[in-house]
Amino acid sequence: GNVASGTPAGHATVPDAVYYDVQCESCHGPGLEHVEGVGQGRIVRPLAKLSMQGTGNCGDCHSGAHQPFAEDWAQSRHAVLDDHMITSASCSRCHEGRGALKQNFNEDVNFQEKETADAYVAITCGVCHDPHGSGNPSQLRFPITSQDPAENLCMRCHLNRDEPTGSRITPHAPQGGVLLGQAGWRPPNFAYDTARIYGTHATTRNPKLCAGCHVNQYSVVDQLTGEFSFTSSGHLFRPIPCLDATGKPTADKSCEYTVSARSWDSCTDAGCHPDAAQAALRFNGSRNLMKFFADQLWTDTNGDGTLQPAPADGGLLATVKANMPGEWTNSQVLTPAEGAEFNARLCGDYGSGNSDNSKGVHNPFLCQALLTESIAYINFHYFGSTTPSPAPPDWITGQLGQKFTTSMHISRTPPGR
């Protein structure tokens with residue numbers, strides 16, 4: 001396959017087994033100039049691309065109706081480069097491809113974009129997958145089944161700030177911590193045992209953890225002809241994506257959480273939920289339950305995402321901020337009000353780009369415990385009240401089909417616990 005640039009090579013020209021599969025030149029291009037330059041003082045390095053721009057990248061092969069990895073990825077948040085995040089070392093470790101490889105995945109390999117200082121790259125295929133092979137399925141750089149956050153591929157980034165520290169009282173990519181039951185601010189005498197999770201999405205029923213729901217592949221057939229239409233690669237990374245008229249997952253996030261508007265295959269394929277209707281019912285029940293409790297702490301009346309003193313916003317924390325604004329001014333001391341705000345943002349439905357954003361689904365048992373205990377402690381600490389948190393109305397518990405409690409059932413024991 002060592003031919004001039006721009007001409008067919010390898011198995012495409014010589015259908016011999018020695019050229020079969022993906023060879024070096026499939027990604028790096030023809031190596032003739034490199035070979036001819038050896039000893040001539042003009043070594044040409046045929047570096048592969050990390051970016052997905054143009055051609056000569058993973059999308060050359062991993063695209064099309066049968067495996068639209070590139071097309072799905074292009075609509076995901078992994079394909080987005082945020083200008084204010086790509087130059088900061090603390091941000092680029094998750095928000096920029098080169099930074100993620102070097103800082104977060106311990107890789108310092110050569111590729112075209114490494115040669116240019118400002119050739120910033122999104123979180124492309126080569127960031128999570130090692131094209132030279134690995135011991136993990138799909139050539140992933142880290143396993144997706146590990147319950148150790150430091151060793152789990154997704155949690156290398158999606159477990160950043162899952163509890164408040166100092167002046168940093170808003171969650172930031174806390175999904176892994178919520179899923180594993182270790183996230184949130186713990187009010188005094190908090191009774192939830194975070195070493196065990198009661199029947200949620202980190203049990204043995206979902207061994208792939210994050211990827212078990214967020215990377216779901218399935219085929220779609222034409223409803224009229226019954227013939228193959230396309231394959232969903234799961235690389236939108238949306239567990240219940242909105243669908244277009246043909247049933248194809250889209251980048252839209254605004255559709256209703258109904259059986260017809262979204263795909264619920266990630267919920268039903270593993271056998272966890274019997275059908276889409278039950279999955280949708282449980283999802284909406286969890287969302288309504290978290291909103292019911294979070295609103296008691298903070299109702300973002302004007303929808304600006306900032307906790308305002310009452311009466312601009314509602315809830316216990318808005319009242320505290322109106323009467324005791326100093327609870328938010330000392331960056332060296334974490335106050336109960338700040339901790340409770342963290343929990344409300346963590347488990348509520350405020351649309352924050354950096355929060356958990358699962359509407360409690362990642363771990364409804366933990367989230368209910370965090371919110372109800374926060375309500376009780378804020379009432380006691382600031383208002384001297386020992387009134388327990390009000391129970392959710394029957395229509396919400398009816399959606400859930402069960403009552404979330406803080407009682408424990410051993411389903412997962414993290415390493416070292």
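Is Cys367 buried or exposed? Cys367 is buried, with a relative accessible area of 1%; here buried denotes under 20% relative accessible area, exposed over 50%, and partly exposed the range in between, computed with a 1.4 Å probe on protein chains only. The structure is a predicted model, in which local features need pLDDT of at least 70 and side-chain atom pairs count only at pLDDT 80 or more, while totals for chains, interfaces and linings use all residues. Residues are numbered from 1 along each chain as its sequence is written, and side-chain values use heavy atoms, with hydrogens and water left out.

**Disulfides: count and pairing**

- The model contains 3 disulfides, a disulfide being a pair of cysteine sulfur atoms within 2.5 Å.
- When the bonded cysteines of the protein chain are numbered in sequence order, they pair as 1-2, 3-4, 5-6.

**Disulfide Cys94–Cys157**

- The sulfur atoms of Cys94 and Cys157 are 2.5 Å apart, and the two residues form a disulfide.
- The link of Cys94 and Cys157 is left-handed, with -105° about the S-S bond.
- Cys94 belongs to helix α4 (residues 89-95) and Cys157 to the loop between α6 (125-128) and α7 (175-180), so the pair ties together parts that are 63 residues apart in sequence. Helices (H or I, at least four residues) and strands (E, at least two) are DSSP runs, numbered from the N terminus.
- Cys94 counts as buried at 15% relative accessibility, and Cys157 is buried with a relative accessible area of 16%.

**Disulfide Cys242–Cys255**

- Cys242 and Cys255 form a disulfide in which the sulfur atoms lie 2.0 Å apart.
- This disulfide is left-handed because the torsion about the S-S bond of Cys242 and Cys255 is about -95°.
- Both Cys242 and Cys255 are placed in the loop between β2 (228-232) and α9 (265-268), 13 residues apart.
- Cys242 is buried, its relative accessible area being 1%; Cys255 is buried as well, at 16%.

**Disulfide Cys347–Cys367**

- A disulfide joins Cys347 and Cys367, with their sulfur atoms 2.2 Å apart.
- The torsion about the S-S bond of Cys347 and Cys367 is -75°, and the link is left-handed.
- This pair links distant parts of the chain, with Cys347 in helix α12 and Cys367 in helix α13, 20 residues apart.

- Cys24 takes part in no disulfide, and the nearest cysteine sulfur, that of Cys27, is 8.7 Å away. Cys24 counts as exposed, at 61% relative accessibility.
- Cys27 is likewise in no disulfide, and the nearest cysteine sulfur to Cys27 is that of Cys58, 6.4 Å away. The relative accessible area of Cys27 is 41%, and the residue is partly exposed.

**Salt bridges**

- A search of the whole structure finds 10 salt bridges, a salt bridge being a side-chain nitrogen of Lys or Arg within 4 Å of a carboxyl oxygen of Asp or Glu.
- Asp82 and Arg77 form a salt bridge, with the closest N and O atoms 3.4 Å apart. Asp82 is buried at a relative accessible area of 17%, whereas Arg77 is exposed at 54%.
- Glu96 forms a salt bridge with Arg98, and their closest N and O atoms are 3.2 Å apart. Glu96 counts as buried at 3% relative accessibility, and Arg98 is buried with a relative accessible area of 15%.
- Asp349 and Lys359 meet through their side chains in a salt bridge of 3.9 Å, N to O. Both residues lie in the loop between α12 (336-347) and α13 (364-383), 10 residues apart. Asp349 counts as partly exposed at 30% relative accessibility, while Lys359 counts as buried at 14%.
- Glu107, Asp130 and Arg141 are joined in a network of salt bridges.
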